[in-house]
Amino acid sequence: MADEKTPSYEQAREELTEVVRRLEAGGLTLEQSIELWERGERLASLCEEWLQGARVKLAAAMAQRRQPDPAGDAPF
């Protein structure tokens with residue numbers, strides 16, 4: 001998912017926080033507000049994608065951990 005153009009989860013979350021702060025502060029034109037809102041929606045979607053990817057990886061790791069070792073090579 002990460003490439004040169006895609007921000008990391010932390011970068012996207014930080015920018016999203018800034019977008020929300022600017023929208024809440026007010027003083028923007030309608031056009032600026034809409035542009036920021038749209039950017040915020042894209043960032044929120046990106047954050048959700050990162051989180052969903054992390055959930056999938058965690059679920060796979062937990063499922064693998066629960067499977068018995070067929071070779072009997074478990075350390076305990």
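Is glutamate 15 buried, partly exposed or exposed, and what is its relative accessible area? In the predicted model, glutamate 15 is partly exposed, with a relative accessible area of 32%. This value falls between the 20% and 50% limits that separate buried from exposed residues. The setting of this residue is described below, after the overall fold.

The chain contains two helices and zero strands. Of its 76 residues, 11% count as buried. Among contacts between residues at least 6 apart in sequence, 69% join residues at least 24 apart.

The largest nonpolar core consists of six residues, namely Ala12, Val19, Leu36, Leu43, Leu46 and Cys47. Two elements, α1 (9-25) and α2 (30-66), each give two or more residues to this core. The largest share, four residues, comes from α2.

Three salt bridges are present in the structure. One of them pairs arginine 39 with glutamate 15, with the closest N and O atoms 2.8 Å apart. This pair links distant parts of the chain, since arginine 39 lies in helix α2 and glutamate 15 in helix α1, 24 residues apart. Arginine 39 has a relative accessible area of 27% and is therefore classed as partly exposed, as is glutamate 15 at 32%.

A salt bridge also joins the side chains of glutamate 18 and arginine 21, with an N to O distance of 2.5 Å. Both residues lie in helix α1, where a separation of three residues corresponds to about one turn of the helix. Glutamate 18 is partly exposed at 36% relative accessibility, and arginine 21 is partly exposed with a relative accessible area of 45%.

A further salt bridge is formed between the side chains of arginine 55 and glutamate 48, at 3.2 Å from N to O. Arginine 55 has a relative accessibility of 43% and counts as partly exposed. Glutamate 48, at 41%, likewise counts as partly exposed.

Methods:
Residues numbered from 1 in each chain as written. Predicted model: local features only at pLDDT ≥ 70, side-chain atom pairs only at ≥ 80, totals over all residues. Heavy atoms only, no water. Core = buried A, V, L, I, M, F, W, Y, C linked by side-chain atoms within 4.5 Å. Buried < 20%, exposed > 50% of the residue type's maximum accessible area, 1.4 Å probe, protein only. Contact = heavy atoms within 4.5 Å. Salt bridge = Lys/Arg side-chain N within 4 Å of Asp/Glu carboxyl O.
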